[in-house]
Amino acid sequence: MLIADAIHIWRDADGEYHLEWEASQPDTRVTVESLDSAGRAHYPDGLTAGARVSGLPATNTHFFRLRDQHGNEAVAAERKLGMQGTPNFRDFGGYKTAGGQQLKWGYLFRSGQLSRLTEQDVALLGNLELDLICDFRQVQEQEGDPSRLPAERSPRVLSLPITPGSNANFFEQAGEGFGGRQTMFDFMVEINRDFALAQTETYARMFREVLSVSDARFLVHCAAGKDRTGFAAAIVLLALGVPREVVLRDYLMTARYFNPSLELDRIRQKYQMDLEADAILPMLEVHSDYLSAALAAIDERYPSIEAYLAEELGVGPAELAELKGRYLM
């Protein structure tokens, strides 16, 4: 039997779709059907592990129906979109809640920077029909690397700069005598605790702005789309009732698409650091300990995620009901 939450679809930079799935029985055989606006395309029956699909328009998102030999089926969209200029652009809808409902596809997106989008990327972004973009980058990042956005029906951009309080002192000390990889790893753990405890005003504003637009389609992003964005996506998913283990799986998916080694020179220049690669990499990597530290900080101080959302982020029962009414089906 197909496991709906374990279907993963992504498009590479060449426009080819990759489909992977998991099943509860090893002999499960699957038929794949693409549900395209131009018609329906069927692919060979009896696939057992994955499939590849090409020839679909690159500036649209696409849905696929997967059906096993027992009649069980699931419809899923591409999780990671085929953006050429930003590798970690993802739809974080489609997941099942603990109560058995499903998040809608095509409403909740997360990514890294948008400054290097190609013309094809901009066209795809326009076709998503976003209402709101929440940019968590620092002001100097936003001004130095301005986002490329569609000229028509451009989404409203909300500047929500996040600068963890310990950043400045830490990078001033990141020179001679720096402790190496473990020091950077520990720093990233503390940054994530900071997101949960010291950045509540910013994340509360994110929720307020989303709720101010009827049925908003929105994107949350920062530079890499993993830390500031990762916590934002996590609390949205938790507010909608997605189980914590699924939230963590979505968080860790960044490791599939974001290559830390390609960002080393940018980070050295940005923070004026002259450190070995091994000492810098934890800043660019994604680890379960990072998000787990943020969630543990919440657990230590609040009886439930609902209490945290209500007390710190202004998302009480009425706001939760509104969010679930919009984004669950």
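A salt bridge here is a side-chain nitrogen of Lys or Arg within 4 Å of a carboxyl oxygen of Asp or Glu, and helices are DSSP runs of at least four residues, numbered from the N terminus. Keep both in mind for what follows. The model is predicted.

The whole structure has 23 salt bridges. I will go through a few.

Start inside helix H9, residues 264-271. Arginine 268 pairs with aspartate 265, with 3.5 Å between the closest N and O atoms. The two are three residues apart in that helix, so about one helical turn separates them. Aspartate 265 is exposed, at 59% relative accessible area, while arginine 268 is partly exposed, at 24%. There is also a network: Glu33, Arg65, Arg67 and Glu73 are joined by salt bridges that share partners.

Now two pairs from separate elements. Glutamate 20 and arginine 256 form a salt bridge at 3.3 Å, N to O. Glutamate 20 sits in strand S2, residues 17-20, and arginine 256 in helix H8, residues 254-257; the pair links distant parts of the chain, 236 residues apart. Glutamate 20 is partly exposed at 32% relative accessible area, and arginine 256 is partly exposed at 43%.

The other pair is aspartate 250 with arginine 90, whose closest N and O atoms are 3.7 Å apart. Aspartate 250 belongs to helix H7, residues 244-252, and arginine 90 to strand S8, residues 90-91, so this bridge ties together parts 160 residues apart in sequence.

Note on methods: Residues numbered from 1 in each chain as written. Predicted model: local features only at pLDDT ≥ 70, side-chain atom pairs only at ≥ 80, totals over all residues. Heavy atoms only, no water. Buried < 20%, exposed > 50% of the residue type's maximum accessible area, 1.4 Å probe, protein only.
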